[in-house]
Amino acid sequence: QMLSRAKPAVGGTPPTGDRRRKKGKKVPQLEELLALRDFTGAIALLEFKRHVGEQEEDADLWIGYSAFHLGDYKRALEEYEALTKQPACNPDVWVNLACTYFFLGMYMQAEQAALKAAKSRLQNRLLFHLAHKFSDEKKLMSSHQNLQDITEDQLSLASIHYMRSHYQEAIDIYKRILLDNREYLALNVYVALCYYKLDYYDVSQEVLAVYLQQVPDSTIALNLKACNHFRLYNGKAAEAELKNLTDSASSSFEFGKELIKHNLVVFRGGEGALQVLPPLVDVIPEARLNLVIYYLRQDDVQEAYNLIKDLEPTAPQEYILKGVVNAALGQEMGSKDHLKIAQQFFQLVGESASECDTIPGRQCMSSCFFLLRQFGNVLIYLNSVKSYFYNDDTFNFNYAQAKAAMGNFSEAEEVFLLIQSEKIKNDFVYLSWLARCYIMNKKPQLAWKLYLKMETSGESFNLLQLIANDCYKMRQFYYSAKAFDVLERLDSNPEYWEGKRGACVGVFQMILAGREAKETLREVLHLLKSTGNSQVEYIVRIMKKWAKENRVPV
């Protein structure tokens with residue numbers, strides 16, 4: 001996907017120059033170094049000749065060319081800009097300068113320089129890419145129509161297909177070129193990259209192996225192999241693949257070092273994110289998205305929102321992440337507007353032709369229906385991908401909530417108890433749903449234990465209300481009475497006395513029916529006596545009278 005060239009845009013075959021020998025060793029010639037793609041050597045040779053006064057023909061052009069191919073675009077920029085200020089400037093220098101601006105992300109300057117260059121296929125390809133960067137569909141189509149059925153133009157078209165997420169179209173072009181040009185081994189990397197984007201990680205590895213057999217130290221190929229390992233296995237396996245690269249100090253590594261540093265942060269679960277990612281935002285497209293993910297994991301939802309709010313999503317991952325951020329912010333702020341935006345983003349991805357049958361697409365539809373509180377539909381989509389997420393705490397958290405919301409409390413309890421994450425287990429949503437499942441599954445004592453483990457707070461007060469009311473509805477009056485008793489002590493709201501009174505009478509009723517131990521009556525009387533209400537004396541008198549008649553010690 002790089003706009004690099006195998007041949008220079010200006011100048012013919014490099015002049016051979018004088019052959020010199022020193023201490024029996026042949027001094028390398030410029031054309032030999034360029035043929036070997038030893039651009040560091042080429043720059044060293046040219047600078048040496050410049051220093052000793054043996055000026056190579058078009059030396060400045062060759063230094064710019066070599067610096068460009070080394071990935072040292074700032075050095076290339078200096079050389080090309082200096083050349084444009086010379087009175088006898090070759091007009092082809094402008095297109096080289098434009099390419100350099102492009103790789104530095106200076107797209108306005110790139111377009112201005114490109115338009116000063118003579119019309120050429122390279123100029124058209126560059127304008128094609130710039131039109132994509134500017135989202136100018138009219139100019140994009142104009143440049144598209146000027147493309148010819150030659151390898152460079154077709155590779156440029158495939159590159160645009162790739163960047164517009166049309167991965168299959170890109171693969172078709174690459175494979176067609178490979179059929180006629182088996183020696184273009186690097187195209188296997190591009191094909192592998194497309195398969196990676198389509199989530200075919202195994203296929204990507206197979207195609208990549210063809211290239212790595214011939215070029216085992218390629219930065220781009222080894223990085224992609226590491227990314228496949230990250231998807232197929234884990235971060236440690238991915239990091240191991242990058243170790244050889246980070247240990248080397250080759251020019252190839254220099255070219256891709258920012259990408260490698262970015263990916264190592266991802267492989268290490270966000271370690272070093274705040275040091276590495278901010279300078280790479282808008283340099284590496286994924287850097288912004290991964291920094292957003294880091295902020296979400298740190299529960300800094302507002303910072304995540306600030307970073308993504310102005311991003312115009314173009315790829316499914318961007319739509320999904322904007323949906324997640326808006327959902328998190330909507331829940332945190334109680335904002336229906338943000339939740340509505342999140343639901344629309346999820347629906348857009350989940351219903352799209354390219355994503356509807358993918359795992360992320362189905363997760364999006366489940367999230368969309370979750371926000372719409374249509375839990376039956378949530379379960380349809382989550383059940384279809386359940387086998388891929390058996391030990392995933394986040395998946396199980398959402399799955400269990402949907403099960404409980406549909407009244408399937410027994411299965412919901414099982415799934416809630418599979419969750420290992422302490423962060424989720426301390427979340428009030430988890431505690432309240434699990435308490436409700438315990439109560440519905442006739443285990444109120446476990447719900448009460450959840451409350452006892454909590455520190456006194458607004459959340460513990462809310463859990464008490466849930467236990468009191470749910471236990472009452474399920475005729476588990478003993479724990480309902482206990483909960484209403486604590487609520488009454490914390491808040492003098494008369495409703496809590498009424499709930500406690502009803503629950504205590506309910507326990508008495510259960511004792512009379514033989515469905516509750518008679519000894520429980522003593523604690524019920526104790527709970528009643530803690531209330532200073534005129535009704536208490538009458539209720540207590542009736543209960544004590546029954547206890548005396550039935551020889552129940554109170």
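I then looked up the contacts of phenylalanine 416, leaving out neighbours within four places in sequence. The list for phenylalanine 416 reads Phe397, Ala400, Gln401, Tyr430, Trp433, Leu434 and Cys437.

**Valine 207**

I located valine 207 in helix 12, which covers residues 201-214. I recorded a relative accessibility of 15% for valine 207; the limit for buried is under 20%, so valine 207 counts as buried. Beyond four places in sequence, I find valine 207 in contact with Asn188, Val191, Ala192 and Tyr195. I checked one distance: from valine 207 to lysine 225 it is 10 Å, C-alpha to C-alpha, for a separation of 18 residues in sequence.

**Valine 189**

Next I took valine 189, in helix 11 (residues 187-197). With neighbours within four places set aside, valine 189 is in contact with Leu208, Tyr211, Ile220, Ala221 and Leu224. Leu208 and Tyr211 are on that list, and helix 12 spans residues 201-214. I read 15 Å between the C-alpha atoms of valine 189 and methionine 163, which are 26 residues apart along the chain.

**Whole protein**

I counted 32 helices and two strands. The radius of gyration is 35 Å, well over the 24 Å that the globule rule gives for 554 residues, so I describe the protein as more spread out than a compact globule. The C-alpha trace spans about 125 × 55 × 40 Å along its principal axes. I have 46% of the 554 residues down as buried. Of the contacts between residues at least 6 apart in sequence, 47% join residues at least 24 apart.

**Confidence**

I noted a mean pLDDT of 89, with 93% of residues at 70 or more. Over residues 1-24 pLDDT stays under 50, and the model has 56 contacts beyond four places in sequence for this stretch. Where pLDDT is low, predicted coordinates should not be read in detail.

Key
Residues are numbered from 1 along each chain as its sequence is written. This is a predicted model: local features need pLDDT of at least 70, side-chain atom pairs count only at pLDDT 80 or more; totals for chains, interfaces and linings use all residues. Side-chain values use heavy atoms; hydrogens and water are left out. Contact means heavy atoms within 4.5 Å. pLDDT is the predictor's confidence in each residue, from 0 to 100. Helices (H or I, at least four residues) and strands (E, at least two) are DSSP runs, numbered from the N terminus. Buried means under 20% relative accessible area, exposed over 50%, partly exposed in between (1.4 Å probe, protein chains only). The radius of gyration is taken over C-alpha atoms; the globule rule is 2.2 Å times the number of residues to the power 0.38.
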